[in-house]
Amino acid sequence: MGLVIDIPAIVANWKALAAKAAGARAAAVVKADAYGLGADRVAPALYAAGARDFFVALAAEGRAIRPLLPEDARIFVLSGHMEGADLAGLIPLLNSPEQFFRDRTLRPRGPFGIQLDSGMNRLGIEPGEWAAIRTEALAAGPALVMSHLACADEPGHAANAQQLAAFRAMTQGVAAPRSLAATGGILLGADYHFDLVRPGIGLYGGQPFAEARPVVTLALPVIQTRELRPGESVGYGYAWTAARPSRVATVAAGYADGLARALARDGKLALWAEGRACPVIGRISMDLITVDVTDLPDVPPTLEILNAQQGVDDLAALSGTIGYEILTSLGRRYERRWL
Ligand SMILES: *Cc1c(COP(=O)(O)O)cnc(C)c1O
């Protein structure tokens, strides 16, 4: 029951992605609480499997996992050195000349990395800025020089080769380890791997790593069932009306648990009972979802919304988003269990 997170599957996905980038170190991206799945469980499990490099978005996320990892684990902070940040035990990826000079002034002997902008225009030092500070920055001994791809989930996109060329040009002659690829970049091939790869979503079973082992199952408890006569309606707006004598189950989860109302917009969302799909009917409420279970011989105590048949990317397609958003939206009210 509840949200079951398959840690051995995450480890297997990490190993599979590491094997695809055999010439590089494989890090693990555990930002946003390991994409909603529990960084305090995921990071130590991946350390035990051999990962030594971890990436988080914010210093506070890094501080939360620092005590859980041995000293030789490196925790990189993608937002870099923001004003007032406590970076003890962490490695900021400095994103601008301003961050670089702040960091070198405040923690002159602290380890740091550099994030370059190779075209995405989101985070990172621009080529012109880099030319101005490159000599000084490299002399200070960065632990990593990295950039990020904007379109790696589209192998045919021209931006991939352009960003690769820009990253190569900016890092020519750099002795420090280099990193460009996240999950999508790993799949683009060895040209993109450099010294370290940074998979995130692929660890957690999401696209574009199509070979990923599924990681989450989510079973929702049935609160009650009722029998409807033809012509009776269900839920807000009376959005669904029974065309035949029907049995309806009401389960305990809704949009407050990250199951967006838009999941039900096309009437294609199903909950699952031992491999059988049961259509979700009516509107998704804050805490409740209603399901047509008429064709089930028996109503089980729980119905699954995430399982081997219906994964995070299937849900994402129904509500017009991506697997990343489904995972990071999973609510705090589920009973969580880690295998
Ligand atoms: C989120 C992120 C990653 C991981 O990306 P995935 O697509 O989840 O593999 C890697 N690097 C940076 C800079 C990121 O922001």
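Colleague: Which domains does the assignment give for the protein chain?
Modeller: The assignment gives domain 1 (7–204) and domain 2 (216–338), with bounds that come from an automatic or database domain assignment. This is a predicted model, in which local features need pLDDT of at least 70, side-chain atom pairs count only at pLDDT 80 or more, and totals for chains, interfaces and linings use all residues. Residues are numbered from 1 along each chain as its sequence is written, and side-chain values use heavy atoms, with hydrogens and water left out.

Colleague: How many residues of each domain are in contact?
Modeller: Ten residues of domain 1 are in contact with nine of domain 2, where contact means heavy atoms within 4.5 Å.

Colleague: And what area is buried between domain 1 and domain 2?
Modeller: About 860 Å² is buried between domain 1 and domain 2, and carbon and sulfur atoms give 67% of that area; buried area here is the accessible area (1.4 Å probe) that two parts lose on being put together, summed over both. On the domain 1 side, Tyr 35, Leu 37 and Ile 201 supply 50% of the area buried against domain 2, more than any other three residues.

Colleague: Switching to charges, how many salt bridges does the rule find across the interface?
Modeller: The rule finds one salt bridge across the interface of domain 1 and domain 2, the criterion being a side-chain nitrogen of Lys or Arg within 4 Å of a carboxyl oxygen of Asp or Glu.

Colleague: Which residue forms a salt bridge with Asp 33?
Modeller: Arg 332 does, and the closest N and O atoms of the pair are 3.5 Å apart.
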